[in-house]
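This briefing is written for a reader who wishes to relate the sequence to the three-dimensional arrangement. Please consult both while reading the points below.

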There are 2 protein chains.
Amino acid sequence: MHGLFSLYIRMRQAIHIVSYQVSSVLYYHHGTPEYIRRDIIGLGRKPTHLSAILKAEENQRPKADLDRLIEETAELAAWCASAEIPMLSIYEKTGILKKHMPRVYEAVMQKFTFYFAGQQPSLLLTSPHKDAYSSPALAGDKHGHLKLHLISTQDGRESIVDLTRTLAEMSQRGKISPRDISMELVDAELSEGIMPEPDLLILFSPNVELSGYPPWQIRLTEIFCLQDNEGFGYQVFLKALRKFAKAQMRNGK
Amino acid sequence: MHGLFSLYIRMRQAIHIVSYQVSSVLYYHHGTPEYIRRDIIGLGRKPTHLSAILKAEENQRPKADLDRLIEETAELAAWCASAEIPMLSIYEKTGILKKHMPRVYEAVMQKFTFYFAGQQPSLLLTSPHKDAYSSPALAGDKHGHLKLHLISTQDGRESIVDLTRTLAEMSQRGKISPRDISMELVDAELSEGIMPEPDLLILFSPNVELSGYPPWQIRLTEIFCLQDNEGFGYQVFLKALRKFAKAQMRNGK
């Protein structure tokens with residue numbers, strides 16, 4: 001029985017790996033916004049706020065790994081801009097992306113130039129408690145707009161504890177009554193201070209593990225990962241959007 | 001292209017549904033703890049705290065739906081007891097299970113009698129801020145022990161807001177200094193007051209959506225659902241445990 005089961009698992013993994021390879025060949029048009037738009041156009045609904053978890057790899061040279069993370073961020077940003085998804089938040093646990101905001105900004109702008117060649121959307125790059133980087137809006141935003149938001153483990157549990165401490169201090173000083181601390185207040189503070197709740201969260205790992213992702217903000221978020229998939233790729237992005245659109249039909253939301 | 005993709009999806013769904021049916025036939029031994037133990041025995045690690053999300057169905061008659069939820073709870077409890085998983089927490093959004101603790105207790109005890117016939121483990125049924133139901137330990141707990149914990153949407157975001165309000169009140173009255181509000185304090189209060197973090201969370205739906213599940217408690221939890229699976233069943237439980245054991249080998253945790 002166990003042997004049969006192992007055989008099934010290995011076959012499934014092989015089939016998945018081959019089918020992901022085939023997908024990457026069939027959908028090899030990352031650099032062409034028109035093709036991405038065509039992939040998306042039939043879908044019943046799109047997320048207005050997409051989120052993704054990217055992972056630093058411990059066994060890599062830190063510099064090469066940072067380059068990879070920045071490249072993946074820029075690709076994702078270009079896919080979202082092509083699909084006209086207005087907000088993308090990227091969670092990277094250690095915060096290394098947040099530390100290199102100018103480099104991330106440059107990389108995304110370069111990628112936009114490569115994808116859109118003069119027709120690029122404008123970009124706003126933000127991170128909690130940091131200054132934003134904003135590109136000049138080209139010809140009145142007619143090419144769209146992407147807000148890219150970088151978050152880390154700090155913006156998860158820690159931000160909830162920080163808010164609790166702040167509200168306790170305000171109560172101590174008589175600036176707020178504890179009775180006024182409500183769901184709405186906490187939700188508004190965390191939504192504005194950290195980020196609002198995403199509609200769809202994509203993982204590029206084969207397992208769903210949130211690894212310290214901001215917990216408050218995922219009450220109704222749909223979380224997607226692809227079975228047996230180990231890496232970053234356009235097919236994960238596309239399948240996630242398709243499943244998101246399908247879930248609407250099923251739930252009748 | 002889209003036609004091909006639809007065909008692939010339909011084929012995959014058909015294959016999955018057939019393979020789940022075959023699994024349920026192959027693994028039709030829910031009533032036999034020895035068989036469940038044999039399914040589990042080769043696994044490298046087991047969760048010590050397993051959690052599951054069960055869903056009330058809106059279109060069902062409420063009474064029939066409650067009966068189904070209680071039956072599923074009892075089955076899950078028996079599987080966990082057979083697999084020697086010491087803690088099971090069940091999240092049901094609306095809180096209807098928590099409202100019927102005596103009935104849940106009776107149903108689980110009956111199921112234990114059916115499964116274990118005189119050799120049954122002892123049961124402790126708990127829920128936040130409620131009295132516990134405890135079965136007499138039979139012959140010094142030599143048959144094992146299961147803690148079954150029922151939670152609802154109240155125990156999620158609301159419990160975080162309640163804790164914030166309580167800590168603010170204590171600060172106002174000078175019973176605690178806001179500086180003493182730390183990650184450790186909040187974590188300890190939510191772990192003890194609501195529940196500790198589970199190792200593995202199982203959903204019986206085809207999508208991962210947490211639907212208000214306690215957010216604080218899932219930082220490192222592995223979350224499992226089965227593609228295309230729509231219902232409650234032993235094969236989901238078994239596949240989740242197998243994937244959990246496999247994830248350890250891969251991550252080298």
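The points that follow treat the chain, the interface, the salt bridges and selected residues in turn. The model is predicted. Chain A has eight helices and eight strands, and 52 of its residues are in contact with 52 residues of chain B. Over all chains, the structure holds 22 salt bridges, and four are found across the interface of chain A and chain B.

**Chain A as a whole**

- Of the 253 residues in chain A, 53% are buried.
- Among contacts in chain A with a separation of 6 or more, 69% are between residues 24 or more positions apart.

**The interface between chain A and chain B**

- The size of an interface is often given as the accessible area lost when the parts come together.
- Between chain A and chain B the buried area is about 4,900 Å², and carbon and sulfur atoms give 58% of that area.
- Classified by residue type, the contact of α7(A) with α6(B) has three nonpolar and three charged residues, with no polar ones.

**A salt bridge between the chains**

- A:R157 forms a salt bridge with B:D187, and the closest N and O atoms are 3.6 Å apart.
- Because A:R157 lies in helix α6 of chain A (residues 157-172) and B:D187 in helix α7 of chain B (residues 183-193), the pair joins two chains.
- The two partners can be described by their accessibility: A:R157 is buried, at a relative accessible area of 9%, whereas B:D187 counts as partly exposed at 26%.

**Salt bridges within a chain**

- In chain A, the side chains of A:K111 and A:E75 meet in a salt bridge with an N to O distance of 3.1 Å.
- This pair links distant parts of the chain, 36 residues apart: A:K111 is in helix α5 (residues 101-116) of chain A, and A:E75 is in helix α3 (residues 62-82) of chain A.
- Buried means under 20% relative accessible area; A:K111, at 12%, therefore counts as buried, and A:E75 is buried at 13%.
- In chain B, B:R45 forms a salt bridge with B:E222, the closest N and O atoms being 3.8 Å apart.

**Helix α5 of chain B**

- B:K111 is found in helix α5 (residues 101-116) of chain B and is buried, with a relative accessible area of 11%.
- Its neighbours within four places in sequence aside, B:K111 is in contact with B:E71, B:A74, B:E75 and B:A78.
- B:E106 also lies in helix α5 of chain B, but B:E106 is partly exposed, with a relative accessible area of 44%.
- The C-alpha atoms of B:E106 and B:A74 are separated by 9.2 Å, and these residues are 32 apart along the chain.

**Positive phi angles in chain A**

- A:E84 is not a glycine, yet it has a positive phi of about 55°.
- A:E84 lies in the loop between α3 and β2 (87-92) of chain A and is exposed, with a relative accessible area of 53%.
- A:S211, likewise not a glycine, has a positive phi of about 50°.
- A:S211 is placed in the loop between β7 (208-209) and β8 (222-224) of chain A; in contrast to the exposed A:E84, A:S211 is buried, with a relative accessible area of 9%.

Definitions and conventions: Residues are numbered from 1 along each chain as its sequence is written. Chains are lettered from A and ligands numbered from 1 in the order in which they are written. This is a predicted model: local features need pLDDT of at least 70, side-chain atom pairs count only at pLDDT 80 or more; totals for chains, interfaces and linings use all residues. Side-chain values use heavy atoms; hydrogens and water are left out. Ala, Val, Leu, Ile, Met, Phe, Trp, Tyr, Cys and Pro count as nonpolar, Asp, Glu, Lys and Arg as charged, and the others, Gly among them, as polar. Helices (H or I, at least four residues) and strands (E, at least two) are DSSP runs, numbered from the N terminus. Buried means under 20% relative accessible area, exposed over 50%, partly exposed in between (1.4 Å probe, protein chains only). Contact means heavy atoms within 4.5 Å. Buried area is the accessible area (1.4 Å probe) that two parts lose on being put together, summed over both.
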